[in-house]
Amino acid sequence: MTVSHPTLVLTLSCPDGPGIVHAVTGLIAGYGGNIVQSQQFGDPDTGRFFMRVEIENTSREAIDAGMLGLVERFGMDYKLVAQGQPVRTILMVSKDGHCLTDLLFRHRSQGLDIDPVAVIGNHTDLAPIAEFYGVPFHHIPVSKETKAAAEDQLLALVKELDAQLVVLARYMQVLSDRVCEELAGNVINIHHSFLPSFKGARPYAQAHDRGVKIIGATAHYVTADLDEGPIIEQDVARVTHADSVAELVSIGQDVERRVLAQAVKWHCESRVLLNGNRTVVFA
């Protein structure tokens, strides 16, 4: 009887050197696997090698067993997942709903590979959106006095729900160094790309006052350095002197939606590999 195996996605990084591709592809072939897509990149600046391979016709157990020798031989870090397996995701929000609505719509109607297990809000404004899409909403208010306890609740939910990804879908609170370290590489944030020019309240009004000609958005992994984590995706839109503040906000929110959704999609498809303060994105 023929055993059906899911398509696997193998991602890896290690110090660059000869023989890596030969060893990896030889290992896959040795277990009867068929490579349907392969991408690689050697970074001359960091001296590291990165690879993403989609594999058919072999088991995860076989590849895992074979990779043990390559890990020791090449000092390799790797990850192996089943393609198309939804990533258990917590979405965190405040009051702006454009990113939350977009991600939940893409999940329901366009096949975005997330499994939204919870929406967490420090306000209750967006609870109806979560309810509409059938996702449990958790209200965790945050103040200076309650911040540590609120983050304890967040980490407890991550563990309880076995969440693999946290998306800050316009969540207007800064995560502590402790949370950033515990969830490193698994928290994605979105912000406007005026930074560092227009920080603080009403950035689009500040930009309008300065007569900017482009606005954009940046999606990145969250680190202890505020809004300076490894960038996954960016985009911009042109604007003119005729655009009002409200129009700038609308245009900016549209860019934010697209950029965040693309970053989440690439992450869930194992297309993003960390490379120090940067990322390698096998789009």
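The turns below set values from this predicted model against the terms used for them.

Q: Where is Thr11 found, and which residues does Thr11 touch?
A: Thr11 is found in strand E1, residues 8–15. Leaving out residues up to four places away in sequence, Thr11 touches Met51, Arg52, Asp77, Tyr78, Lys79, Ser270 and Leu273. Contact here means heavy atoms within 4.5 Å.

Q: What makes a set of residues the largest nonpolar core, and which members touch the most others?
A: Members of such a core are buried residues of the nonpolar kinds, joined through side-chain atoms within 4.5 Å. The largest core here has 33 residues, and Leu103, Ile188, Leu260 and Val264 touch the most other members. Elements giving two or more residues to this core include helix H3 (98–109), strand E9 (187–192) and helix H8 (245–268). H8 gives the most, with eight residues. In soluble globular proteins, nonpolar side chains tend to be buried together.

Q: Which residues does Leu260 touch?
A: Not counting residues up to four places away in sequence, Leu260 touches Cys99, Leu103, Val167, Ala169, Ile188, Ile190 and Ala219. A second, separate core has 22 residues, among them Val117, Val166, Val179 and Val222.

Q: How do you know that strands E2 and E3 pair?
A: Two strands pair if DSSP finds at least two bridges between them. Nine bridges join E2 (residues 34–43) to E3 (residues 48–56), so the two strands pair. They run antiparallel. As one of these bridges, Gly42 has Phe49 in E3 as its partner. The hairpin has four residues between its strands, and Gly47 in that hairpin takes a positive phi near 70 degrees.

Q: What makes a space a cavity, and how many of 30 Å³ or more does the structure hold?
A: In a cavity a 1.4 Å probe fits but cannot get out. The structure holds one cavity of 30 Å³ or more. The largest cavity has about 90 Å³ of space. Helix H5 (residues 147–160) gives the largest share of its lining, four residues. Among the lining residues are Met92, Lys147, Glu151 and Tyr171.

Q: How do the residues lining the largest cavity divide by class?
A: Nine are nonpolar, one is polar and two are charged. Lys and Glu count as charged, and both Lys147 and Glu151 line this cavity.

Q: Why is a space called a pocket, and what volume does the largest pocket have?
A: A pocket is an open set of points, whereas a probe cannot get out of a cavity. About 790 Å³ of space lies in the largest pocket. Of its 34 lining residues, Arg170, Met172, His191, Leu226 and Asp227 are the closest to its centre. E9 supplies the largest share of this lining, four residues. By class the lining has 16 nonpolar, 10 polar and eight charged residues.

Q: Which residues are the closest to the centre of the second largest pocket?
A: They are Thr11, Lys79, Val81, His267 and Ser270, out of 31 lining residues. This pocket holds about 660 Å³ of space. Strand E4 (77–82) is one of the elements that supply at least two lining residues, and E4 gives the largest share, five residues.

How values were computed: Residues are numbered from 1 along each chain as its sequence is written. This is a predicted model: local features need pLDDT of at least 70, side-chain atom pairs count only at pLDDT 80 or more; totals for chains, interfaces and linings use all residues. Side-chain values use heavy atoms; hydrogens and water are left out. Buried means under 20% relative accessible area, exposed over 50%, partly exposed in between (1.4 Å probe, protein chains only). On a 1 Å grid over the protein atoms alone, a cavity is a set of points where a 1.4 Å probe fits but cannot get out, and a pocket is an open set with protein on both sides within 12 Å along at least five of seven lines; lining residues have an atom within 4 Å of a point. Grid points are joined across faces, edges and corners, and a volume is the space filled by probe spheres set on the points.
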